[in-house]
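Open the model in your viewer and keep the selection panel at hand. The tour goes stop by stop, with something to select at each.

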Amino acid sequence: MTLSVVPHPNKPTQYYVLSPAADFFFIQQHPHASTLQVQLLIYPFEDAESIIQTLSFIAPSLHHGLQTKVLHNLSKRHQLAKLYMKSVPSKRKLAVIANTSPSAIRH
């Protein structure tokens, strides 16, 4: 299992997780969780916003064929990001990555 993280600015032994990791937190509750191996992809703290943007938009675009309702979720994320972020990839760019039409990314 791989988690994308940035180091805590004041506590060197702690990290911020950059993408939802529900499966990791679910697995932690298992009795054999102590044998779980986790790989950390540690990014510089300054790059957190761009990494979050990549994990929120690009990864779902690449995996939409494997999961249900991903394009719907991607559309909602895109809509919210346009409200709060300065630079958001266009639906056309996300559609190219997802190998689908821009009209498929809707909610």
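**Stop 1: the sheet**

Select valine 6 and look across to β2: the bridge partner there is tyrosine 16. Keep in mind that this is a predicted model.

Now show all of β1, residues 2-7. Strands β1 and β2 pair in the antiparallel sense, over three bridges. Turn to β3 next. Strands β1 and β3 run parallel, and four bridges join them.

Colour the three strands together. They form an open sheet in the order β2-β1-β3, with mixed pairing. At the edges are β2 (15-17) and β3 (39-42), each of which pairs on one side only. From one strand to the next, the twist averages 45°.

**Stop 2: the aromatic pair**

How many aromatic pairs does the structure hold? It holds one. The ring centres of tyrosine 16 and phenylalanine 45 lie 6.4 Å apart and the planes meet at 45°, so the pair is tilted.

Tyrosine 16 sits in strand β2, and phenylalanine 45 in the loop between β3 and α2 (48-63). The two are 29 residues apart, and the pair links distant parts of the chain.

Tyrosine 16 is partly exposed, with a relative accessible area of 37%. Phenylalanine 45 also counts as partly exposed, at 40% relative accessibility.

**Stop 3: helix α3**

Select residues 70-84, which make up helix α3. The helix has 15 residues. From its first C-alpha to its last it reaches 21 Å, close to the 21 Å expected at 1.5 Å a residue.

Which residues of α3 are buried? Pick Val70, Leu71, Leu74, Ser75, His78 and Ala81. Then look down the axis of α3: the buried residues fall within an arc of 140°, so they line one face of the helix.

**Stop 4**

Step along to serine 87, in the loop between α3 and α4 (91-98). Buried or exposed, or in between? Serine 87 is partly exposed, with a relative accessible area of 48%.

**Stop 5: alanine 95**

Finish in helix α4, at alanine 95. Alanine 95 counts as buried because its relative accessibility is 1%, and the cut-off for buried is under 20%.

What is alanine 95 in contact with, leaving aside its neighbours within four places in sequence? Show Thr100, Ser101, Pro102 and Ile105.

Last, draw a line from alanine 95 to aspartate 23. The C-alpha atoms of alanine 95 and aspartate 23 are 27 Å apart, and the two residues are 72 apart in sequence.

How values were computed:
Residues are numbered from 1 along each chain as its sequence is written. This is a predicted model: local features need pLDDT of at least 70, side-chain atom pairs count only at pLDDT 80 or more; totals for chains, interfaces and linings use all residues. Side-chain values use heavy atoms; hydrogens and water are left out. The expected span of a helix is 1.5 Å times one less than its number of residues. Buried means under 20% relative accessible area, exposed over 50%, partly exposed in between (1.4 Å probe, protein chains only). The arc is that of the directions from the helix axis to the C-beta atoms. Two strands pair if DSSP finds at least two bridges between them. Axes are lines fitted to C-alpha atoms, for helices over the stretch in contact, and angles run from 0 to 180 degrees between N-to-C directions. Contact means heavy atoms within 4.5 Å. Rings of Phe, Tyr and Trp (its six-membered ring) pair if their centres lie within 6.5 Å; planes under 30 degrees apart count as stacked, over 60 as edge-to-face and the rest as tilted.
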